[in-house]
Every structure is written in C-alpha cells, then in structure tokens.
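Here are my notes on this one, jotted down as numbered points. Have the coordinates open while you read.

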Amino acid sequence: MKISIIVALILGLIIGAGVVNLVSPGSVTVTTTVTQNQKVSETSVSTVVTTIMETTTIKPEYPLTVVDALGRMIEISKKPVRVVSLSPAITEELYALGLGKYVVGVDSFSDYPPEVVKLRNEGKIVDVGGYWQPNFEKIVEIEPDLVVADTGAHIKFREKFSELGLTVVYVKGGAASSLEDVLSDIGLLAQIFHIEEVAKNISLKIKEQIGSIERELLSKNVSKVKVLILLGPPSWGYWSAGSGTFINYVVKVSGGYNIASKYHGWIKLSAEDILLENPDVIVVSMMGSPGEAKKVIDEIFSSELSQTNAVKKGNVYVLIGDANNILVRPSPRIVEAVKLMAQILHSEVFGEVSREDVIKASPQLTSLVAQTVYVG
Amino acid sequence: MVCIRISDMGFSYDDKLFTLKDIDLNFCEAEVTTVLGPNGAGKTTLLKCLARILKPQKGTIYIDGRDLWKMSLYEAAKIIGYSEVEIPRGFNVKVLDFLSTSRYPHMRTFLESLEDIKAVKESLREVGAEKFSLRKIEQLSSGELQRIIIAKILAKKPKILLLDEPTLHLDIKYQIDILKKIREITKKHKLITIMTIHDLRLASMFSDKIILLKNGKIVSIGSPPEVLTPKNIEETYGIRVKVIKDTEAGVIVVPLP
Amino acid sequence: MDYAEKYFQEKKRKFFLVLAFLSVLLTFTFIFSLNIGSSNVGLLEILTLMSTSSKTSSTLINIVYNLRLPRTLAAMFIGVLLAISGVLIQSVTRNSLAEPFLLGLSSGALTFMALAIIIVPSIALSLHYVSVISFIGALIAFTLTLTLSEAIGGSATSLILAGLAVTAGFSGLSSFLAFIVQSKLNMPFLILLLGSLSQILRGHVVMLALVSIAGFTLALIMAKRLNAIIYGDEHALQLGYNPKTVRIFASMLAALLTSVSVAIAGIIGFIGLIVPHMSRLIIGSDNRYVVPLSALLGALVLCVSDIFVRIASEGLAIGEIPVGAVTSVLGAPFFAYLLLTKVKA
C-alpha cells in the first residue's frame, strides 16, 4: 500500500509539473516557425516592400504588421520613437536609414556612426550592455517602443523579451548568409517606419557599387585568390566563417575563394585543413592595437602557418579597429568590406590597401622567413 | 503470556545450501535462551529469522500463535528488538538521538512525547550508561557502544529480545554486568530473550536454556548442564573437553589437548 | 534526572529560534535582492508607485516583477531543492560527504538533456519533457555510482571515489555535448555547465515552487524513516520500516529535485553538501529538524550567492558570472576540509 502511495505521489508530481507547464505562458511559442525555411520570410518581406511602393491609395499607416527574420508576425501599433538597437550592425542600419533620431539605446559595441559614441558618452543614448548579454533592466528602464535584436546572438532571449512585454523585431544580423539577407534587414527596418523608398535607394546603391567591383574583376579576368579568414588572433584557435555566412559572401564577391567554405557556419579550422588548402592570402580580423596586430603577424610567421603561400609571399593582413568592424558587421557598410577585401585580394586591379587599421606583414619579415624556409 | 514456536523451519541464503534445517523450537516467556555453536553454525541466521529480517524458505515462526510473516513489519517491530546496528560516521549523532529512534514504532506524535523520553532514560539506566547519554555515538568505545545497543532494544520495550553477541568487546566485569542485567530484565518484564554468545561458561551461568547448533541443525536443547556434555561438545566443536559442574560458577568446560 | 527531557526540549527550542532567525534573514535577503539591479529601482519606490498608474511606474514594476522577482524566487526554490536533495542522499548512502553533484546526478542529468536536445531539438521547448529526461539521467548516474562503489569495496570512501569518477565522466560528456548543442543548434547550453540563474522565466518559477514544496513536504514526512536507515538495514527493519523502499523512494526524490534544478538552471554544486552540514552543526542530525532547516538555509545560501553574482557582474562588467562557479569556489575548499576531518578518522 505504501508503494502505491509513493508511485501516485511521483506521478502526481510529474503530471502536475506538466499541467503547470502547459498552462504557463511562453513555453510553446515560436520555434516551429524558425525551423521553417527562412527564405519564406525573405520573399514575403520583399514582396510587401514592393507592394507598398506600388499602391497609391491612402490608408492608415499604423497599426502595421511585419514579418521579422524569425518568421514571426509583429504588430507595430504606431510609429516607434524610442528604439533600442542590440548590435552594432543594427545601429549602423538605423542611422543609414536616417532613423538615428529615434535611437535611445544601443549596445556597448556600437560605434558607427561616430555620433553614436558621442551621444552615449553624453548619456543621451543609453548603453544597454554587451552584444552577447544585453542588460534587460536597462532596456526596460528606458521604455523603448521597439527593440531590434540579432538572430545570431539574441534568439535565446525571445521568451524573456515577451515576458517583459517588449516589442521586439529580429533581423538576420549575424545569421545573414548573403547580401540579400543584409538588404532584407535594412528593408525590414525601413518597412517599420514606412520609409521603404530610402531602403530601396540604399539597396540599389550597394548593389551598384558591389556590381561594379564584380564587373571590374570579371573584365580583368582575374583568377580567384585563396583566402583564409581568421576571426580573432590565432591563439584563440583558427576560427573562421564557412559557407552560409555573410563574410563568405564578401570573400566570394571580391574575387576570392574562402578556404573555410567547405564547412557551414561559424567553425574552427584545424592547422591541417589550412595547410592542405594552402591559402594565398591570410586575413585576420580582430580587435586590438597596431602593436598587437604586429604581434599576431609575428605569431603567424613563426607558426605552422608559415608553410602557406600566404606567409611565403607576405600576404598576411590584420584588420583592426574600424576595418575589423566593417568586415564582421552585417551592415550597410558591407560595401566597404567588399571594397577592402577586393583591394587586399586583387591589389593589381584596385591598388594596394593603405589604411591605418590594416596592418600588412612587412617585406623584411617576409624575406626573413623565405630565407629560413629555403635554408631549412 | 508470550511464546515463540518455530515449526520445521529451514533457511537458505542462496536456495542451494541450507544454512538452517529442520528447526523445531519453543521459547517461553521469562526465559533466557542462548544459542551456541561453532562459527558458521547458523546462530546469527537463526536470530535474523526470528527478527523478521530473513524469511525462511520452509516452515513457520509463530509468535503467540500468529505467523510472524503474516504480521506487518510495523506490528512485528513493536514486539521484537534486534541488536544489530551500523554506526554511520560524520553525522555527529548523540546517544540520546540514536536511542530515540527506537521509539519510532511506538511514537504517536511527530516528535518524542514525554513517555518516549522516559523510556529512553530508563533504558540508559538499566544498562548503566546514563553518564554518556550526551556523548557522540562515534566516540564511544566498543564496550560503551555495546551497552548502548542493548539500551536501544530496551527503549523499544519489546516482548522479545534478540541479542547477537551482546558481550563482544566487553571486559569481564561488563560482560557479567550485562548478562546479569539481561537476565534481570527478562525475568522482571517476562520477556523472551534469545542470544548468541561464544563463552560457554558465561552462557551456562546466565541462561535458562541452551540450544546447540551445528551446520544448521539442532544438536541438543535443554538446560546448561543437560546440553553441555563432553559428548555433545565434541560432536559440535570437534574438540575433546572435560566438564566441571559447579553450581555457583555454572558449567566449566575445559578443552583437553 | 530530567537531563533527557531537557535535551529534547532545548533542541526543540533551539530549532524554532534558529528557524525564526533564518526566516527573518531570508525575508531581508529577499527584499534586498529585489532592490539590486542596474536600474535605480528600490522596493519602497515600487510600493509607493503601485498606487499610481502612470506608464513610468508600470515600467519600474515590470523590472522588479519580471526580472528581479522571478530570479530571486528561483534562487530560493533551487536552494531548497538542492539542500533537500543533499539531505536525502546523505541519509540514503549513510555518508555525510555525499551530495547530488559529487555523486554524478547533476552531470548525468545535464548529459542526458544535451543528448535529448541533439536528437530531438524541439524537445528543448518543453520544460516538462526536459525535466523527465533530466530525471532519467540523474537516476542513471546515481545507479552507476552506487554500482561502481559496491564494486570497489562498498565503503564510505568507495562511494566518494565512485561518485567523483562518474561526475568526471559525465562532466566531460556533457561539456562535449553542450558544445554541440550551442554551436550547431544555436541554443544557449554552455552556461548550464556552471549553472546560471540569468535565463529564468516566470514559467520556471511556478514549476520550481511546486516541486520544491512537494519535495520538502515528502522529505519531512520521511524524516523518521531517514533517521532510521542511517543505522543500517537491520535497525530500520526492526523499527518497522522497509529500508529498500525508503532508499528507493528517497533516491528517486533526490534525483527528481536535482534534475528539475539542473533542467532550469544547470549544474550548481555543493549546496547539497554544505547546507545539510551546516544544519547538522547547528541542530544535530535529527532529520526532522535538519530537513526544514536545510530548506531555509539552502534558499538563503543560493539567494545570497546569486546576489553576489549580480553585484559582481555589474561591477566587473565582464558579463554574467555563473552562480555555479561561486558555489564551487566556496564548496570545493569546504569539501576538502570535510575530507581531511572525516575521512582520516
């Protein structure tokens, strides 16, 4: 008899927990839509954009329903005037669209355009915490009517956001895999503010500029250059961006072949992988000072990577500061990233890179290594 | 009037070899019975069967005419007191706490009632261990622990006392003390006491009945002088002895070389 | 001659005194916790603002109610879960050094959770299913530890050694699996390796409340049985309890309590070790007192640890420190101290 009581109690506990769980909000939400094809939301967004453009009937602008990058339908009840951006790329997009005046909070890494930094220091824009760990209390405190989050980094917070009653729209951000994704992000933001024209113009300009670089490369009949992209110093491990990332797109479109593209997503390469592929150019993108950049170059030259063509020819570049930001942010400045990458990979067509925040291996170092290798 | 009757009992640990066979026994109240026998004879097994810890494959144990195994564990707990205990380390248990667990079968309230506390106190008094009632049980010497173990059985106020080697670790003075007390208590409260002891002479001094076991079978039952004969002892233990009967000092068994 | 009555009376008195004191302390800690955060919102302000209904006040209430309150409550309930689980395991194994983390239950739970999420990613949505999987993992790990312990001698030391082996094994496994979950499925999992209360949602708090109250009640009901089995199976039997049943039920309850806490907040170790010990130091080893005291103390300790984590994370601005790291930093030296004093004897 005692055992049956015990069994009943355990069952009761489990069932009770189950009932509670079904009843409590926020547990059976979205993700089924997430696993669906993202492309659906893409095309629907662009369709919506074009449709709105073509109609001329006067209808109330708000409330408006948009489909965000997670495929959720978000209702915007009126034009947002207090916007929080949770990533530097999103901040750049907002300002590019001329929506900077509505921004009241940004993450601590947002620094472009430069006025963002000034406003944050003055306290006119609130720092809402790091990219990876936003500070919810700060966000709630400034009472935003729109929070823009990044699918790559913030997807885990969506339940928390909904519990806090915040209106959150997700853009592809770090999960962007192509230019189209970045442009759809810009389009989505523009849609919310009914300024689709502006987005369209930005898109066209970006496509034009990238297009002209592509044509240039085509006309000069350059061959693809094998590139190794390292996200961070080698001491962190050989982290790179594989296929399906926007960085891969940047490399592709600027006349390069990303040796990590045989893998998908954000991956760590092995030294073997790299040596097998034997890249012609190594580009390290990291945060740091020029001194640290030089150290990293030295590191690479004295590591196993010294066997690669890139090191032997001295084609090792370190991007720091703004150059780093340009490459790793899926923002409108992707165009700058393409330009920069094209210069690095094909200096014969576009001229040598000469930026303070791009450090190239010095010729002396190169010849030193070449000599050592030759002798050894 | 409490009586135990074991009828045709057999017990095996592994269903192959029978540790106890053909056990037919009777125990009456106010009697102290000692089970003797060489190592491995089945003495502890017999006690554990009586304590409702081991279930015999054959036969039945009747307590006052009731089948021991038809009773609930709880009912049996109120009547039977068995001495085996494992002392855990690191729990800082005080003697009083340990003893109060013995009252659980009788406790009607969640915490100890005055009646329960009285029973514990009495049990300590009976074994003369009041002065270390507040000591940590881990820190008792083996002798002191032995007395506490007996106290824990007494605290439960059972009708049946089952003591496995109650004189282990005790020096001669305490051995005699304990056995005297056990006999006193048995007589006073009309309990049935069954114990196992190694010392044949002490057994003869303080027991009303002796059961001689060998290889799980009863060799002899009776009063100490009846059972402790040279023939029986040689048959059971395999050694030649000379037996001296002294009314004051019991039956003295002297092994011959 | 009333030394015995005095002893029991005083114990009772002391218990209620300590209980009252800890309750007050807990209340203050609760209030204090609601006051901590990066925005300048104090409880007093909340109470005065609650009368008005301007938008500003609702924001501040939002912060406290939706961010601080769930986290504070979760810390308390999880503290209760882990402490009671520790008491149960120590009684079942008759070993005062036993603990759900050190015997592998937490790591086992997390390993199975990770495995399940990798095989069926959508399971991560249902806390209910995740808890069941976690429970199974905890039980399997516990069984492994007990089996291994028997195989290497069955002594108290064997248990600890077996536990460490199993914990190490499952820790490695869960780290590896957690990494896969996090990078391939883009689900936050690594943080569960060291336990964190930063992802607490309101829904979690309800489940935690139910399970911890149920667990506490059951443990209290079982308190006498737990007292009995500490002294051996025979002793328990002759007190009228079936030691096997008690052990199975207590183990399952301990696994349940541990697994729910792991499913929600990840691995938080050593609470199940430190808290029961502290309780026993204060009130002796009677589980009727140790269970409620440990529950309160557990809630207090974890809540304070989490407050510390929140303050430190704010001040150091290095992102959130996992609370499990704090309990490990406090707990590991304590464990070493216990080993030195108890195992030598």
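1. Let's start with Thr186(B), which is buried at a relative accessible area of 0% (buried is under 20%, exposed over 50%, partly exposed in between, with a 1.4 Å probe and protein chains only). Thr186(B) sits in helix α6 (residues 172–189) of chain B; helices (H or I, at least four residues) and strands (E, at least two) are DSSP runs, numbered from the N terminus. Its side chain makes a polar contact of 2.7 Å with the side chain of Thr193(B). By polar contact I mean a pair of N or O atoms within 3.5 Å; within protein, one must be able to donate a hydrogen and the other to accept it, and residues adjacent in sequence count only if both atoms are side-chain atoms. Setting aside neighbours within four places in sequence, Thr186(B) is in contact with Ala30(B), Glu31(B), Val32(B), Leu191(B) and Thr193(B) (contact is heavy atoms within 4.5 Å).

2. A word on ground rules. This is a predicted model, with local features needing pLDDT of at least 70 and side-chain atom pairs counting only at pLDDT 80 or more, while totals for chains, interfaces and linings use all residues. Residues are numbered from 1 along each chain as its sequence is written, chains are lettered from A and ligands numbered from 1 in the order in which they are written, and side-chain values use heavy atoms, with hydrogens and water left out.

3. Glu31(B) turns up again in a salt bridge with Lys209(B), the closest N and O atoms being 4.0 Å apart (the rule: a side-chain nitrogen of Lys or Arg within 4 Å of a carboxyl oxygen of Asp or Glu). This pair links distant parts of the chain, with Lys209(B) in strand β9 (residues 209–214) of chain B and Glu31(B) in strand β3 (residues 31–36) of chain B, 178 residues apart. Lys209(B) counts as buried at 19% relative accessibility, and Glu31(B) as partly exposed at 21%.

4. Which residue forms a salt bridge with Asp116(B)? The partner is Arg103(B), and the closest N and O atoms are 2.9 Å apart. Asp116(B) belongs to helix α4 (residues 114–126) of chain B and Arg103(B) to the loop between α3 (95–101) and α4 of chain B, so the pair ties together parts 13 residues apart in sequence. Asp116(B) is buried at 2%, and Arg103(B) is buried at 3%.

5. Over all chains, the search finds 39 salt bridges. One of them joins the side chains of Lys339(A) and Glu336(A) at 4.0 Å, N to O. Both lie in helix α16 (residues 334–345) of chain A, three residues apart, or about one turn of the helix. Lys339(A) is partly exposed at 34%, and so is Glu336(A) at 30%. Also in chain A, Glu92(A), Asp111(A), Asp322(A), Arg329(A) and Arg333(A) are linked in a salt-bridge network.

6. Have a look at Tyr102(A), in the loop between α4 (88–96) and β4 (103–106) of chain A. Tyr102(A) is buried, with a relative accessible area of 14%. A polar contact of 2.9 Å joins its side chain to that of Lys79(A). Not counting residues up to four places away in sequence, Tyr102(A) touches Lys79(A), Pro80(A), Val81(A), Arg82(A), Val83(A) and Phe193(A).

7. Now the aromatics: there are 13 pairs over all chains (rings of Phe, Tyr and Trp, its six-membered ring, with centres within 6.5 Å; planes under 30 degrees apart are stacked, over 60 edge-to-face, the rest tilted). Phe136(A) and Phe161(A) have ring centres 5.7 Å apart and planes at 65 degrees, so they are edge-to-face. Both are buried, and together with Phe157(A) they form one aromatic cluster.

8. Chain A as a whole has 18 helices and 14 strands. Of its 376 residues, 53% count as buried.

9. Last, the interface of chain C and chain B. Contact takes 35 residues from chain C and 41 residues from chain B. There are five salt bridges between the two, among them Arg94(C) with Glu86(B) at 3.4 Å, N to O. The rule also finds 14 residue pairs in polar contact across this interface, both at pLDDT 80 or more. On the side of chain C that touches chain B, α1(C) gives the most, with seven residues.
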